[in-house]
Amino acid sequence: MKPRIIVCCLDDTGYKIFRLLRQQGAFVVGVHETPIKGEGSDIVVGHLRSASTLLAAGIQSAHTLVLAGNDDSTNLAILMQAQILNPKIRIINRLFNTNLGDRLDQTLPNHTSMSVSALSAPVFTFAALGNRAIGQLKLHNTYWPIQEEWINDQHPWKGQTLTELWADRCRMLIYYLPVNTQLDLVSAVIEGKQLQTGDRLIIASKPDVRKSKFSLLKTLNKFRNSLNKFQQHSQSAILVILTLLITIFIATLTYVSINLNNSIIDSLYFSVGMITGAGGNEKVAENAPESIKIFTAIMMLVGAGVVGICYALLNDFVLGTRLTEYVNATRIPEHNHYIICGLGGLGLQIAQQLRASGYEIVVIERDANCRFLGIIDALKIPIIKGDASLSTILESANIKQAEAVLAVTSDDMANLEIALSAKGLAPKIRVVVRSQEPQFALMEQQVFNFETVLNPIEIAAPAFAAAAIGGRILGNGITADSLWVALSVLITPNHPFCGKRVQDIAKSVDFVPLYIETNNQTIHSWELLSFVLNPGDILHLTIPAHRLEQLWHPVKDESPRAPVNSLYSYQ
């Protein structure tokens, strides 16, 4: 009998997970507070936190519980109730608070926290970099973009053998969809099958990491730009200080000219003291004509005003916002950078991944109290506080010289407005837009000709479904209605793969080996296919979800592979 999986809270994310699991033939039960049109006995209706509702869903005999709600406190309450009713149950928990998720993972042995933002951020990042990734795969602690290659008459791989592609260490072959046969990838690699028009190949490519190099010319240009921006932000203060200096100079020159016995130093000393109100050396004006005394009084009044304005401007520049604005302005890259509009969970994840890959970033956030501002400051990423839909704000981020704009706020209309404003200022810039509605996303991309419009739920839901079915998931994908997963398998002495050659069991079970970890080294390419598995080895592979059981209880399957029509998404 298949293990029971319970999915709690069937909103957009939860219902998507529920349907994916049902498509894979899993024994899945949904729990929701209100009835769902078109659904029957597979869904239990009731209060999510209630023990009676969970008992009605079969919590005591369930293997896995997926908490898919968008409220952390509700998910946490259901988690505690489920742990009381079934302490051994596996829990896949959707959490916005990643710190809380990490602590729960460490505290509860069967708990796995997952975040829609964290799962979808790599796909947004790859899209911004110009890589038309359909997903990502975590290999060697790095996210690799997943791409689908359609072989046509002009494709450079046409006529090339899969054997040649398999040997490339910068590329992982994930899935092979031949146009005329049902040949699996491993068999095609061994036989040296040539790619033909109509074939499709799913691959993972090693991501590029931009390395910063010291450039004297770049440093000088940055210094020059800093001076220009300093002039812009301190123009009024400089003007007032210049007026003050001219006033002191005129007064000094006047006192020297009326009495040649007055030295320049004495006249300057008196002028500065008189204008600033400090006083000193008043004998310079005591014996002067009345006109000079009137001049002195006027200078005192003018000086008091100029000095007061000067103090006010300097105080605003140093202690107010102008110094911060200047510092931020000097940190904003001049060209080839990425602009992230919206500093929510998704925006933060994208910023961290772009920065880790060596790219320059600017973040625009309208909420001055955003809880992630401190993290961005710690990463030394420049922040512009304002409405990203305004042209002036986008121009302050140097949008015309930027590589891409990512509109990833939680408001679809705001994202659309930001994207249109960006295209209006820089028609050729790459725009990546977040949309909560899958159908609206498709229309938005077609109507406005945006490069990429992505829905985080569509990207992340297969990952939750794969985690519910499997264990430690590295990635996942949907091919037509079939879910496949990438995962790691520890080879134990009693494992059915122990002592067997990888290529033999790969053809028998229909999985694709990615690499093997053994004795602190990794095995790739042809050595991977001929490698004999031993206890302690870790095999990383991709396999259809409905065949996962065969990783532990292999059954010889002579049935042909189901035909594949389209690829949907990856985790």
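How many bridges pair strand 9 with strand 10, and in which sense do the two strands run? Strand 9 (residues 171–177) and strand 10 are paired by 6 bridges in the antiparallel sense, where two strands count as paired if DSSP finds at least two bridges between them.

## Basis of the model

This is a predicted model, in which local features need pLDDT of at least 70 and side-chain atom pairs count only at pLDDT 80 or more, while totals for chains, interfaces and linings use all residues. Residues are numbered from 1 along each chain as its sequence is written, and side-chain values use heavy atoms, with hydrogens and water left out.

## The chain as a whole

The protein chain contains 21 helices and 22 strands; helices (H or I, at least four residues) and strands (E, at least two) are DSSP runs, numbered from the N terminus. Of its 571 residues, 51% count as buried, where buried means under 20% relative accessible area, exposed means over 50%, and partly exposed lies in between (1.4 Å probe, protein chains only).

Among contacts (heavy atoms within 4.5 Å) with a separation of 6 or more, 63% are between residues 24 or more positions apart.

W150 has R200 as its bridge partner in strand 10, and M172 stands opposite A204.

## Helix 17 and A422

Helix 17 covers residues 412–425, and D411 caps its N-terminal end, with a side-chain oxygen 3.0 Å from the backbone nitrogen of M413. The buried residues of this helix include L416, A419, A422 and K423, and what covers the buried residues includes strand 11 (338–341), helix 16 (391–396) and helix 18 (438–448).

A422 has a relative accessible area of 0% and is therefore buried. Not counting residues up to four places away in sequence, A422 touches L394, I399, V405, I429 and V431. The C-alpha atoms of A422 and K400, which are 22 residues apart along the chain, are separated by 8.8 Å.

## Salt bridges

A search of the whole structure finds 9 salt bridges, each defined as a side-chain nitrogen of Lys or Arg within 4 Å of a carboxyl oxygen of Asp or Glu. One of them joins the side chains of K16 and E458 (3.4 Å, N to O). This pair links distant parts of the chain, with K16 in helix 1 (residues 12–23) and E458 in helix 19 (residues 456–469), 442 residues apart. K16 counts as buried because its relative accessible area is 11%, and E458, at 16%, is buried too.

K423 forms another with E451, the closest N and O atoms being 3.0 Å apart. K423 lies in helix 17 and E451 in the loop between helix 18 and strand 16 (452–454), 28 residues away. K423 is buried at 16% relative accessibility, whereas E451 is partly exposed at 24%. Elsewhere, salt bridges that share partners join R22, E39 and D42 into one network.

Conventions: Polar contact = N/O pair within 3.5 Å; in protein donor to acceptor, adjacent residues only side chain to side chain.
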